[in-house]
There are 2 protein chains.
Amino acid sequence: MPTSAELFHVQTPRAAWITLTQHWQPEVRLERTPIQDALQRVLGQQILAPEDLPAFRRSTVDGYAVIASATHGASATLPALLTVTGEAPMGQRVDMPLGPGQAILVHTGSMLPGAADAVVMVEHTQTISLDPSHHASPVSLASSIEVMRPVASGDNVLQVGEDARKGATLYPQGHRLRPQDIGGLAALGIVEVSVAARPRVGIISTGDEVIAPSHTPLAGQVRDVNSYALAAQAQAAGAAAVCYGIVPDQHHLLEKVARRAKAECDLVVISAGSSVSARDMSADVINVLGAPGVLVHGVSVKPGKPTIIAVCDRVPVFGLPGNPASAMVIFDLFVEPAIQALLGERRRRPISVRARLARNIPSTTGREDYVQVNLEERDSQLWATPVFGKSNLIYTLVRADGRVKVDLDANGLQAGELVEVSL
Amino acid sequence: MPTSAELFHVQTPRAAWITLTQHWQPEVRLERTPIQDALQRVLGQQILAPEDLPAFRRSTVDGYAVIASATHGASATLPALLTVTGEAPMGQRVDMPLGPGQAILVHTGSMLPGAADAVVMVEHTQTISLDPSHHASPVSLASSIEVMRPVASGDNVLQVGEDARKGATLYPQGHRLRPQDIGGLAALGIVEVSVAARPRVGIISTGDEVIAPSHTPLAGQVRDVNSYALAAQAQAAGAAAVCYGIVPDQHHLLEKVARRAKAECDLVVISAGSSVSARDMSADVINVLGAPGVLVHGVSVKPGKPTIIAVCDRVPVFGLPGNPASAMVIFDLFVEPAIQALLGERRRRPISVRARLARNIPSTTGREDYVQVNLEERDSQLWATPVFGKSNLIYTLVRADGRVKVDLDANGLQAGELVEVSL
């Protein structure tokens, strides 16, 4: 009798992902949130500018609003003489009249008077007579100024809509909000946004040998690492982790917990016991959870070959290797993109650096390899050194700075090659 | 009468930071947290391995535990014949006797019997007679197996302490916890850690022209961007933001709010009104908050020259430019490192990529420039293009992928140069 794994062909990572997407339509749940709580959330709608920013012409410097043509030909030896007729108050409408021979004192951010089309920086002026009540400031309400440099129309002026034009697309749907985006929304009076609700990721650890980390293992027992490491990965991806604890390798027990997780969550991750029989049991349980069931059993990737990908009643269910280091690699490869799909998130540029490989990485054609590396700056060049030690150790991951992928069709990588290191 | 700014020499960013650290001893407050809540928190203590991981020898494959010497010279044509005397149960002590001519069935993760020193992978064996009760698994409790390849002592065995050695330093104090670290802690039974409490960062916006984003600005008024953008930056750095709202440009009002913020927070940020008089008022208020007061007023950086750095009764106080884009650059330059100091965080490698500059960036010697750029992959080369538009627009920041620094002593950067882009 063949085992479950033998009923399936091992698929490439890319084919496995396509198989999943052919059987799964991710549904993005939306909720509204005030912008001060929206950092790192993913927009559920595109955002258009509701108005022009700025809404009025503003000075970008401290100086004097003028009609530019009045300064033509001005120089230190032959300055233009202007009469200062007033000061633009901050935060108020400025509607003073301004003639060609006149100037109005403005501050950075001031509204420009209607007739003005440029601002002369205070550094390029000299005051002729001081109003004694204003001597504490270098920008003074002098009765007359000499302008030592000409300005062109528009100089030192922020035009209406120059920052953002009414109706322009500010952010596409699926954009993850950064600090500057929160600021940009505030600037336009958008104080609440529609964002994707955090997907609920159910996490189940299985294995007769697995105990809670707070307990002291007896001989043959190991602590549950996956519930904690995978929950942290889910959080880092923007999901809410729901941990269902450790389930012994018994079909009816796992089925009961998995059914509950499937009902309560948007996505379920089962880290299988590491023995073949435990892995087969995971597949059998997943198959009774709902149709279509297991789609992929076995992926041509190292580590993580025994990966299971399933959809049960529209909920994606992943069977991850029991080994924590392998489970984390497979999480990054399949579960994180699935979380992104549930967030409706646009593909981000992966955060990676280019480095030169310090040692050969052997590999086998027909398999994607993920190798942990350390980064080191040497001779003004970044070097990636494969981390010594078995790849299935959790502390190999802890010690590594990043990960290098060896392509499916590559027969390993040579020392000296330039490689892309995902951080 | 000179203005406050004129009493100070403009300092380089590096000198300004050193001045701050000479007058400030950051105090890291600690708190304990369960590891499931510790993602992205900064360790307040170094962590040593309390025990060996693994605590017993484990098989890394499905197969048969053997005495390696019994397989010497084995090949497909001349296999070694071994009698299978039992199966190692998962999660239990394995103390079965094992002789040179014997093998014990083990699963990935099983404890090794005492006499075994290697594991033969099941793929390299053939069963001679099947126990009919085990036919569902490829790893069967056969009564005899033929071993087709020799193993050396230690093959496919995880040794005691191979993942982490008792007493070894797992994480230094000041390490920011990633998902794999949470897993690593769980593996060793460390379920609670001491971490730096989130520093409280008080944020005050000032300016007669500034109104809450939920309000509709009248002519001359602008919405408060800084409270939101800087709070998001503080959160992203691992701090808790406490917003004190918008304060008009009046000394007694700002002093009252600033005193409260200083008493309640570990660090205070005041985004000054953008006019010279408003900036001077910030400096005057900061000087009455406590000794030693303003240390730096003016930094040779663009944008952000009018930056104020102060320490008042052991609380650092930063006066940031009113312009949101400038304020955000200065936050990254000074406030984020101060938050890291309050977290006791070790310096992280900045996340940056190397790219070729697509256009010249003019600059002035004696000033650090921070220029927003877009990144684009072209001819299998990453290109950085300076973002068109005034640098003091918030949407210039929104549209940018990263930032290029032009060094103090550089006279601009040339198109084609390789530059480091901070993301």
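These notebook entries record what I looked up in the structure.

**Conventions.** I worked from a predicted model, in which local features need pLDDT of at least 70 and side-chain atom pairs count only at pLDDT 80 or more, while totals for chains, interfaces and linings use all residues. Residues are numbered from 1 along each chain as its sequence is written, and chains are lettered from A and ligands numbered from 1 in the order in which they are written.

**Chain A, overall.** I took the domain bounds from an automatic or database domain assignment. For chain A it gives domain 1 (4-29 + 197-343), domain 2 (31-53 + 168-196), domain 3 (58-158) and domain 4 (352-422). I noted 38 Å between the C-alpha centres of domain 2 and domain 4 of chain A. I counted seven helices and 26 strands in chain A; helices (H or I, at least four residues) and strands (E, at least two) are DSSP runs, numbered from the N terminus.

I then looked up the dimensions. The radius of gyration of chain A is 32 Å, whereas a compact globule of 423 residues would have one near 22 Å. That radius is taken over C-alpha atoms, and the globule rule is 2.2 Å times the number of residues to the power 0.38. Along the principal axes, the C-alpha atoms of chain A fill a box of roughly 100 × 50 × 40 Å.

**A:Met281.** I located A:Met281 in helix H5 (residues 276-289) of chain A. Is A:Met281 buried or exposed? A:Met281 is buried because 21 other C-beta atoms lie within 10 Å; the cut-offs are 20 or more such atoms for buried, 12 or fewer for exposed, and partly exposed in between, with C-beta atoms placed from the backbone. Neighbours within four places in sequence aside, A:Met281 is in contact (C-beta atoms, placed from the backbone, within 7 Å) with A:Asp249, A:His251 and A:Leu254. A:Leu254 is 27 residues away along the chain, with 8.9 Å between the two C-alpha atoms.

**The interface.** I found 75 residues of chain B in contact with 76 residues of chain A. On the chain B side, H2(B) gives the most, with eight residues. This side divides into 41 nonpolar, 24 polar and ten charged residues. Here Ala, Val, Leu, Ile, Met, Phe, Trp, Tyr, Cys and Pro count as nonpolar, Asp, Glu, Lys and Arg as charged, and the others, Gly among them, as polar.

**A sheet in chain B.** I traced an open sheet of six strands with mixed pairing, in the order E16-E13-E17-E21-E20-E18; two strands pair if DSSP finds at least two bridges between them. Strand E16 (240-247) and strand E18 (292-297) of chain B are the edge strands, each pairing on one side only. Within the sheet, strand E20 (residues 308-312) and strand E21 (residues 315-320) of chain B run antiparallel and are joined by five bridges. B:Cys312 has B:Val315 in E21(B) as its bridge partner.

**Strand E26 of chain B.** In strand E26 (residues 418-422) I listed B:Val419 and B:Val421 on the covered face, and B:Leu418, B:Glu420 and B:Ser422 on the uncovered one. In a regular strand the side chains alternate between the two faces of the sheet. E26(B) runs antiparallel to strand E22 (residues 352-357) of chain B, with five bridges, and B:Ala355 stands opposite B:Val419. Strand E25 (residues 402-406) of chain B also pairs with E26(B) in the antiparallel sense, over two bridges, and there B:Val404 has B:Val421 as its bridge partner.

Methods:
Two residues are in contact if their C-beta atoms, placed from the backbone, lie within 7 Å.
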